[in-house]
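Please look through the structure shown here, and keep the sequence beside it.

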Amino acid sequence: MSDTIQKYKDYVMTGFLKSVAPIVVDHSSGVKVWDDQGREYLDCFSGISVVNVGHNHPRVIAAAKEQMDKLVHCSSYLYHVKPVADLAEKIARIAPHGLSKTFFGNGGAEAIEGALKLARLYSGKHEFIALHASFHGRTWGTLSITGNQGRKKRGGPYASGIAFAPAPYAYRSLWPDDPERCALHCAKCLDDVIRFETSGDVAAFIAEPVLGEGGILVPPSNYFREIKKVLDRHGILFIADEVQSGFGRTGKMFSIEHYGVVPDILVTAKGIADGFPLSAFTTRPEIAAAFQPGDHLSTFGGNPISCAAALANIEVMLEENLPARAAETGEYARKSLRELQEKNSLIGEVRGHGLMIGVELVRDEKLTPANSEAEAVRDSLLRQGVLVGVGGVYGNVVRFQPPLVITKAQIDHAIEAFRSALAEVAQAAVA
Ligand code: PLP
């Protein structure tokens, strides 16, 4: 066993998932990573949907190094720091209309916590509504609004004042062939949840425009418009959790843009700085004004190096038109995966926006989740040198979320490996 793996076992507090071949990642470039044995992998998971412009993008690294030589930290909330100001301005330019003031934190959960706090202060109300199958982080507050027992288990009881509405999971709804009807049903349920499960003191509704950890669930095209009508009727703010789906991942800069709806607060992290730790929540000036000076602060939040990296990251995305490229290559990948589905009954559904793609594996027509098969597929792909994720509320969704710079040839390679992984799993079932 390698020294690094042994030290992880002895000294790192962690819960590694069972994996046939634990690897030590050594270095990376673009869509590829290499382990400490020099073996090459095609990374179709981007460090959990993070390195959107590719690993070690030279411009991002150069911007970070330049900043590192000047200033690492002096607290961006006690003193003014140029990269923070420049990045906040840049985000105001690319964010959905009217969202122009940003608070910077370090990770997704921290930004979600901040957004919840801001929503309460602005609205003067205290409760929240979230979705079944949602995931918003691992702190106590974010687990409280997470609608997934798998993530919450052994951590309760959780915060009170939180209600849950059904997720727009059309594939497992009564209307798998009529997703718009599923969306109308979900909007009606949200109205019922507000009326019957809350005291009417609801500050905000929070949702991921594509539910990532829930299984890359793509809400039907009318979903957020219908939801927004309900929220507006009840005077409830809408927080879009784009921690995973933001920054080009879904073929738009922000995935809520697919739905023609503007959230009141937009939360981002993962893809914002190509791997440097940074998160943000962005809102309209009148909502931002609910934070009085000193109401909210983060020692490391708005770190100058991360902000400089984020600025370069966004510039690369805009110059290389990466959201549009993700839309095109994502469509190409889904088409190939659907062709594979025709010959493979283990594939229940292929779904996604851009390069946020989920393949739900099922054992039969009753849609019994093929969760051990999904893990076996991931392990086979790892052996073949392709990194993917597995997730979903039933643990049966293979997740393809590669850097947005992946080429069609690399997609072909990954899908061919996926085809042989499926064949391997099918053969093992017969044996
Ligand atoms: N929100 C969403 C939608 C996520 O996918 C995640 C992480 O996977 C989080 C929040 C939490 O982010 P972090 O792990 O950076 O705290």
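**Salt bridges and domains**

In this predicted model, a salt bridge joins the side chains of Glu328 and Lys408, at 2.8 Å from N to O. Glu328 belongs to helix 12 (residues 322–342) and Lys408 to helix 14 (residues 408–430), so the pair ties together parts that are 80 residues apart in sequence. Glu328 is partly exposed, with a relative accessible area of 48%. Lys408 also counts as partly exposed, at 33% relative accessibility.

Side chains of opposite charge can pair when their charged atoms come close. In the whole structure, a search finds 26 salt bridges. One of them lies within a helix: Lys188 and Asp192 meet at 3.0 Å, N to O, and both are in helix 8, 4 residues apart, which is about one turn of the helix. Lys188 is partly exposed at 49% relative accessibility, and Asp192 is partly exposed at 23%.

Asp264 and Arg284 form another salt bridge, at 2.8 Å from N to O. This pair links distant parts of the chain, 20 residues apart: Asp264 is in the loop between strand 8 (237–242) and strand 9 (265–268), and Arg284 is in the loop between strand 10 (279–283) and helix 10 (285–288). Is Asp264 buried or exposed? Its relative accessibility is 7%, and a residue under 20% is called buried, so Asp264 counts as buried. Arg284, with a relative accessible area of 23%, is partly exposed. Salt bridges can also be linked in a network, as they are for Arg59, Lys90, Glu315 and Glu319.

Now consider the division of the protein. Domain 1 covers 3–53 + 321–430, and domain 2 covers 58–319. Their centres, taken over C-alpha atoms, are separated by 25 Å. The contact takes 38 residues from domain 1 and 35 residues from domain 2. The size of an interface is often given as the accessible area lost when the parts come together. Here the two domains bury about 2,800 Å² between them, with 57% of it on carbon and sulfur atoms. On the side of domain 1, the residues that lose the most area to domain 2 are Val53, His353 and Met356, together 25% of what that side buries. Across this interface the rule finds 2 salt bridges.

A last stop is Ala170, in the loop between strand 6 (162–165) and helix 8 (179–197). Ala170 is buried, with a relative accessible area of 13%. Leaving aside neighbours within four places in sequence, Ala170 is in contact with Trp175, Pro176, Pro179 and Cys182.

Technical notes:
Residues numbered from 1 in each chain as written. Predicted model: local features only at pLDDT ≥ 70, side-chain atom pairs only at ≥ 80, totals over all residues. Heavy atoms only, no water. Domains from an automatic or database assignment. Contact = heavy atoms within 4.5 Å. Buried area = accessible area lost by both parts, 1.4 Å probe. Salt bridge = Lys/Arg side-chain N within 4 Å of Asp/Glu carboxyl O. Helix = DSSP H or I, 4+ residues; strand = E, 2+ residues; numbered from the N terminus. Buried < 20%, exposed > 50% of the residue type's maximum accessible area, 1.4 Å probe, protein only.
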